[in-house]
Amino acid sequence: MADLSPSVPSRIAPAPAVRLSSVTKTYDSGVIALGPLDLDVARGEFISLLGPSGCGKSTALRLIAGLAAPTTGSVMLAEGASASRPDHSIGFVFQEPTLMPWTSVRENVGLPLKLAHTPAVEARPKIEAALEQVGLADFAGRFPRELSGGMKMRVSLARALVTSPEILLMDEPFAALDEITRFRLNNDLLALWRSLRMTVIFVTHSVFESVYLSQRVLVMTARPGRLSAEIRIAAEEPRGDDFRTSVAYADHCRRVSEALAPAYAGASAL
Ligand code: ADP
Ligand code: MG
């Protein structure tokens with residue numbers, strides 16, 4: 001009889017949520033932006049891509065999102081993410097909130113559902129739930145111009161969450177916010193990650209932010225971006241202000257800064 005003991009599946013490494021194999025990207029202009037890049041992100045993991053401006057971080061996210069194709073190599077998503085819900089498996093949060101100024105918060109958050117032709121009666125509770133998740137349940141009828149920068153970013157996050165994505169890609173989402181607002185959003189993002197169990201790939205050029213948020217920080221070289229270091233951030237969960245002021249946090253930040261320094265030394269014209 002076949003051995004169906006529970007230990008069997010645990011010996012098989014689960015498929016990563018995202019796998020980049022020898023990925024390179026050369027733009028039509030001739031700029032070699034990326035790679036070769038090899039990267040596995042486990043399901044439910046929170047990682048940061050950290051590197052100097054122009055090293056190919058946004059390019060890497062666009063390739064993962066399928067918004068651009070790699071020049072060589074392959075980008076694979078776990079089956080559950082790519083096959084069963086092709087339109088809904090990835091949420092993308094850009095550096096700018098990119099909201100439609102002429103319409104309400106509700107309509108902005110519902111845009112991905114509208115594009116997927118989700119009937120309004122189905123869309124409505126999903127929009128309400130996403131707004132609830134980002135703490136903006138009472139703001140559905142407001143317009144973007146009535147919101148602060150932090151609230152606009154929350155709307156942008158709700159729009160990414162409204163399809164219940166398995167993978168959330170975030171491209172320097174909080175870079176333009178003041179520090180206190182950024183800290184709050186960091187905490188709220190971690191709480192969402194814990195409760196929704198998403199895979200998060202977070203792009204930043206902030207050492208401090210990458211260490212605070214991630215389980216793993218992947219440091220990139222100057223362009224063409226490759227991975228130069230991987231630093232695991234082992235810290236007690238849930239993380240909060242205690243972690244931000246701890247000696248362990250400072251130590252992690254020092255290690256990551258040291259790993260990042262050569263990338264800046266190698267970046268020309270910076
Ligand atoms: P990062 O997000 O790390 O700042 P990007 O991925 O935006 O870096 O860009 C990497 C490099 O590719 C930069 O030199 C940038 O100028 C170039 N680049 C980005 N997008 C394009 C594009 N659509 N066409 C040509 N070059 C591009
Ligand atoms: Mg970028």
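The largest nonpolar core of this predicted model takes in 50 residues, and Val-109, Leu-168, Met-170 and Val-256 have the most contacts inside it. A core here is a set of buried Ala, Val, Leu, Ile, Met, Phe, Trp, Tyr and Cys residues joined through side-chain atoms within 4.5 Å, with buried meaning under 20% relative accessible area (1.4 Å probe, protein chains only). Helix H6 (residues 149-161) hands over the largest share, seven residues; helices are DSSP runs of H or I, at least four residues, numbered from the N terminus. Domain 1 (26-88 + 170-261) and domain 2 (99-165) each put at least three residues into this core, the bounds coming from an automatic or database domain assignment.

Leu-168, setting aside neighbours within four places in sequence, is in contact with residues including Leu-157, Ala-160, Leu-161, Leu-189, Met-198 and Val-200 (contact: heavy atoms within 4.5 Å). A second, separate core has 24 residues, among them Val-18, Leu-39, Ile-90 and Ile-167.

As for open space, the second largest pocket has a volume of about 200 Å³, taken as the space filled by probe spheres set on the grid points, which are joined across faces, edges and corners. A pocket is an open set of points on a 1 Å grid over the protein atoms alone, where a 1.4 Å probe fits, with protein on both sides within 12 Å along at least five of seven lines; lining residues have an atom within 4 Å of a point. H4 gives the most to this lining, six residues, and both H4 (105-115) and H5 (120-133) supply at least two.

Residues are numbered from 1 along each chain as its sequence is written, and chains are lettered from A and ligands numbered from 1 in written order. Local features need pLDDT of at least 70 and side-chain atom pairs 80 or more, while totals for chains, interfaces and linings use all residues; side-chain values use heavy atoms, leaving out hydrogens and water.
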